[in-house]
Amino acid sequence: MKRTEPRFVVCVKNKGYAASLELRKLYQVVSDEAAVKLHQIRVIDESGEDYLYPEEFFVAVQLPQAAEKAVRRAAAVRG
């Protein structure tokens, strides 16, 4: 069975990346199969751009469909 990449994660660690990642904040995941093989995850960080971070900095979360739509709409307005 293929591991599915999460769509959203919560930051639980940000050592060395305090300016880019906020603890307890929800981040949108950008699919990157090469990153997964390196135990990294690509997220849209505080700069509004997507960057790689260690996967142990995050915990995957499953949002209800309505919440996911609201988060995506808010991100589109911000961007």
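Which pattern does the protein chain follow when read along the sequence? The pattern is β-β-α-β-β-β-α, made up of two helices and five strands. Keep in mind that this is a predicted model.

**Whole chain.** Show the surface before zooming in. The accessible surface of the protein chain is about 5,700 Å², and 55% of that belongs to carbon and sulfur atoms. Of the 79 residues, 24% are buried. Contacts between residues at least 6 apart in sequence include 44% that join residues at least 24 apart.

Select residues 26-30 and 40-44, which are strands S2 and S3. These two pair in the antiparallel sense over two bridges, and Val-30 stands opposite Arg-42 in S3.

**Two loop residues with positive phi.** Most residues other than glycine have a negative phi. Select Arg-24, where phi is positive, near 70°. Arg-24 sits in the loop between strand S1 (8-11) and S2, and counts as exposed because its relative accessibility is 72%, over the 50% cut-off. Move on to His-39, whose phi is also positive, near 60°. This residue is in the loop between helix H1 (33-37) and S3.

**Aromatic rings.** How many aromatic pairs does the structure hold? There are four. Start with Tyr-17 and Tyr-53: their ring centres are 5.0 Å apart and their planes meet at 90°, so the pair is edge-to-face. Tyr-17 lies in the loop between S1 and S2 while Tyr-53 is in strand S4, so the pair ties together parts 36 residues apart in sequence. Tyr-17 is partly exposed, at 33% relative accessibility, whereas Tyr-53 is buried at 3%.

Next, select Tyr-27 and Phe-58, an edge-to-face pair with 6.2 Å centre to centre and 80° between the planes. Tyr-27 belongs to strand S2 and Phe-58 to strand S5 (residues 58-61), so this pair ties together parts 31 residues apart in sequence. Tyr-27 is buried at 2% relative accessibility, and Phe-58 is buried at 8%.

To finish, show Tyr-17, Tyr-27, Tyr-53, Phe-57 and Phe-58 together: ring pairs link them into a cluster.

Key
Residues numbered from 1 in each chain as written. Predicted model: local features only at pLDDT ≥ 70, side-chain atom pairs only at ≥ 80, totals over all residues. Heavy atoms only, no water. Pairing = 2+ DSSP bridges. Helix = DSSP H or I, 4+ residues; strand = E, 2+ residues; numbered from the N terminus. Buried < 20%, exposed > 50% of the residue type's maximum accessible area, 1.4 Å probe, protein only. Contact = heavy atoms within 4.5 Å. Areas by Shrake-Rupley, 256 points an atom, 1.4 Å probe, with all protein chains shown as cover. Phe/Tyr/Trp six-rings, centres within 6.5 Å; stacked < 30°, edge-to-face > 60°.
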